[in-house]
Amino acid sequence: MLDNMYYGNTLRDWGLSFLIVIGALFINKLIALLYRKVIKKITVKSTTKIDDVVFYSLEKPVLMGITLLAIWIALSRLNLGDDVYDVIKNSYEGLVILNVTWFFARFFSSLIREDVGNKNDNLRKGRFNIDSKLFPLIKRGVLIIVWLVGIVMALHNAGITVTTLMGTLGIGGIAFALAAQDTIKNIFGGITIFTDHTFRIGDIINFDSTEGSVIDIGLRSTRIRTYDKRLVTIPNYKLTDALITNISSEPGRRVVMDIGLTYDTTAEKVQEAINILKSMPDRISDIKNSDIAAGFFEFGDSALIIRFIYFIRKSADNLETRSKVNFEILNSFTQAGLNFAFPTQTIYLENNTVQ
């Protein structure tokens with residue numbers, strides 16, 4: 001019975017080929033178990049990360065390589081004809097190249113993530129002085145290059161003329177580039193934002209008439225959460241060509257106040273008001289001691305104008321600090337007998353005797 005012929009081979013030959021594949025799968029199970037129980041524990045205890053990267057990169061490609069080798073041995077020992085053998089040979093070589101490409105893709109991806117990338121949000125730079133938020137873009141670019149090289153080599157070994165294929169893809173690529181020129185501009189805009197450090201995720205920026213917190217920077221667009229909790233999506237190329245104010249980068253929020261006193265206020269009282277304003281950092285801790293200014297600014301239509309300029313610390317709440325300052329001014333001026341002015345008009349009537 002085992003010597004009966006089926007498709008040019010005995011049942012014994014088919015059975016042995018099948019057992020070779022089953023044996024390879026069994027070996028894969030043993031290797032996977034060895035990796036989890038022994039090798040992984042050894043690599044975790046080591047001080048360097050390169051062994052973790054290598055073993056992680058090798059694990060699945062090695063298992064796939066053993067399976068491909070077993071299938072090749074199982075099929076090559078059978079009598080399937082020259083044409084079928086050539087197809088199997090070319091397919092096997094292409095799959096081996098793709099498997100090796102898979103290893104390099106996993107290796108570079110893991111290397112960028114573990115050895116180059118920086119997962120600490122407090123540290124903006126990696127080992128190569130590159131912004132950590134640029135690593136996903138670098139990783140994607142490296143993977144694209146690795147897979148393109150691997151696929152081209154696999155197609156070449158499979159007997160496909162790569163130059164003809166590239167020519168056909170080139171014509172289609174031109175049409176695609178024309179249709180996707182806005183997308184390409186957005187991608188380069190995203191790269192510009194990353195490399196120039198225009199702003200980061202979490203920064204508050206002002207763009208055109210939009211102001212809010214940056215919640216995501218993608219390759220195509222940037223998303224901003226405005227103060228009214230609306231989500232605004234802006235194409236990256238518009239951000240690279242526009243005037244952007246990074247509010248979060250300022251050392252403190254500048255506040256300018258014009259305070260009006262009544263015209264019956266004496267010069268000594270005006271100077272007392274200025275002294276009260278200049279001593280405001282001693283009363284409010286959230287005001288910076290430096291860059292504070294107060295002075296007699298001008299004679300207004302119905303008031304003596306004092307201009308008060310101060311800076312709120314970056315860590316302080318803007319609205320709460322303004323409220324504290326205003327209450328302190330109100331209380332201090334009231335205790336000093338300083339009267340706030342409001343718009344008034346004095347009308348003089350001339351009494352003429354009518355002849």
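## Nonpolar cores

The largest nonpolar core in this predicted model has 24 residues, and those with the most contacts inside it are L277, M280, F308, Y310, V325, I329 and F333. Such a core is a set of buried Ala, Val, Leu, Ile, Met, Phe, Trp, Tyr and Cys residues joined through side-chain atoms within 4.5 Å, where buried means under 20% relative accessible area, exposed over 50% and partly exposed in between, with a 1.4 Å probe and protein chains only. At least two residues of this core come from each of β8, α8 (267–278), β10 and α10; helices (H or I, at least four residues) and strands (E, at least two) are DSSP runs numbered from the N terminus. A second, separate core of 11 residues includes I193, F199, I205 and V214.

Leaving aside residues up to four places away in sequence, F308 touches V255, V256, M257, L277, M280, I292, A293, A294, V325 and I329, with contact meaning heavy atoms within 4.5 Å.

## Basis of the values

The model is predicted, so local features need pLDDT of at least 70 and side-chain atom pairs count only at pLDDT 80 or more, whereas totals for chains, interfaces and linings use all residues. Residues are numbered from 1 along each chain as its sequence is written, and side-chain values use heavy atoms, with hydrogens and water left out.

## The sheet of β8, β10 and β9

Three strands form an open sheet in the order β8-β10-β9, with antiparallel pairing; two strands pair if DSSP finds at least two bridges between them. Because β8 (252–261) and β9 (293–299) stand at the edges with a single partner strand each, one side of each is left without a neighbour in the sheet. From one strand to the next the twist averages 25°.

Between β8 and β10 (residues 304–313) there are 10 bridges in the antiparallel sense, and F308 in β10 is the bridge partner of M257. Helix α10 (residues 318–335) packs on the sheet, touching β8 and β10, and its direction makes about 25° with that of β8; axes are lines fitted to C-alpha atoms, for helices over the stretch in contact, and angles run from 0 to 180 degrees between N-to-C directions.

## Strand β3 and its partners

Strand β3 (residues 204–207) has I205 and F207 on a covered face, while I204 and N206 are on an uncovered one. Its antiparallel pairing with β4 (residues 210–217) comprises 4 bridges, with I205 opposite G212, and in the hairpin of β3 and β4, which has 2 residues between the strands, D208 takes a positive phi near 55°. β3 also pairs in the antiparallel sense with β7 (residues 244–246) over 3 bridges, where I244 is the bridge partner of F207.
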